[in-house]
Amino acid sequence: MHEILHALEHAFFDTLALLPWLVIIYIVIELLENKTDFSRSKRLQGKGAPLIGSVTGLIPQCGFSVMAAKLFEQKYITVGTLFAIFLSTSDEAFIILLSDGAGAVWLLPLIVSKIFIGIIVGYTVDFFLKKTGKNQELRSRPAYEISNPKTVRDIFIKNYLEDINETSECTACGKPHDGTRPVYTYLFVPLLHALKVAGFVFLINFLLGWAIEWVGEDAFYAFMQKNVFLQPFITALIGLIPNCASSVVITQSFLLGGISFGSCLAGLCANAGLGFVVLLKNTEKWKRNVAMVFFAYLVSVFVGLAFNLILTI
């Protein structure tokens, strides 16, 4: 009982300290999402597409992986560009690291690693498919040039959703935001997002804290170090779960010392959010979609193993 209370106390105060930063960051994201003019954006085609895709995927919103999946299905981007975006996407991970004082030092290494992985895999996939004659023929003009919406939200809602039932989704959370009500959009919505993530953070902090209290800190970390080889296989599977909770679990586990940086990176590379869900909805291409999910998993595991090996040398 003492271990549970102690774990609850630590989890509560750690999460409470994180909450204000989460709210501020989500307010900034909402402002950028609604106010940034993308009307002059070039389509994700050409030689620089995987590079642009890997950088675009860094934006902490699961909606960009959804947007990428829609663009791919509509033949506006290549397979390599799609993987560049998917592998660089990290959902809530960057927000949690940025909000955490000690964990913020890992933000830059994670960003650099994500960009590098996205670029390498993106160009490699496109090169291989081109050599084998299996590269996708792209359309000449992306959908958003037709109506020329300007903001990220306009582009996503108006042009990349298939039918009226899906237009209630948005880039960040899958729910509609009314841009005509600033208090709701720029305060209430960020607060809800922050509370949701804080809830996941509290739960993970409590469970891991309780495990450490129960088995003993030295024994817990010794056990995790002995199983560092298996960690990428597990975290990559968790990363495939299409929910922001998966990125929270992976990131918090890393910050609390439960997994290594390589294992954290493996999970976050596989964490394409709802992007894979969009692809899997196309049942006519189920073999292709399953192969893409499996490929993303293998790449993520390989990345995790490689980084774990390099960091232990």
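Helix α13 (residues 261-269) packs against α15 at an angle of about 165 degrees, and their axes are 7 Å apart. The two helices are therefore roughly antiparallel to each other, a label for angles over 145 degrees. Axes are lines fitted to C-alpha atoms, for helices over the stretch in contact, and angles run from 0 to 180 degrees between N-to-C directions. Helices are DSSP runs (H or I, at least four residues), numbered from the N terminus.

The model is predicted: local features need pLDDT of at least 70, side-chain atom pairs count only at pLDDT 80 or more, and totals for chains, interfaces and linings use all residues. Residues are numbered from 1 along each chain as its sequence is written, and side-chain values use heavy atoms, with hydrogens and water left out.

On the α13 side, F261, G262, S263, L265, A266 and C269 meet S300, V303, G304, F307, N308 and L311 of α15, where contact means heavy atoms within 4.5 Å. This contact has seven nonpolar, five polar and no charged residues. Ala, Val, Leu, Ile, Met, Phe, Trp, Tyr, Cys and Pro count as nonpolar, Asp, Glu, Lys and Arg as charged, and the others, Gly among them, as polar.

Helix α11 (residues 231-239) also meets α15: P232, F233, A236 and L237 in α11 touch Y297, S300, V301, G304, L305 and N308 in α15. The residues of this contact divide into seven nonpolar, three polar and no charged. α11 and α15 are therefore oblique to each other.

| Pair | Angle | Axes |
|---|---|---|
| α13 and α15 | about 165 degrees | 7 Å apart |
| α11 and α15 | roughly 140 degrees | within 9 Å |
| α4 and α6 | about 160 degrees | 7 Å apart |

That angle makes α4 roughly antiparallel to α6. Their contact involves V79, G80, T81, F83, A84, L87 and S88 of α4, with residues of α6 including K114, I117, D126 and L129.

The largest pocket has a volume of about 480 Å³. A pocket is an open set of points on a 1 Å grid over the protein atoms alone, where a 1.4 Å probe fits, with protein on both sides within 12 Å along at least five of seven lines; lining residues have an atom within 4 Å of a point. The volume is the space filled by probe spheres set on the points, which are joined across faces, edges and corners. Of its 17 lining residues, V79, L129, K134, R288 and M292 are the closest to the centre. α6 gives the most to the lining, with five residues. The lining has nine nonpolar, three polar and five charged residues.

Notes. Angles under 35 degrees count as roughly parallel, over 145 as roughly antiparallel, 65 to 115 as roughly perpendicular and the rest as oblique.
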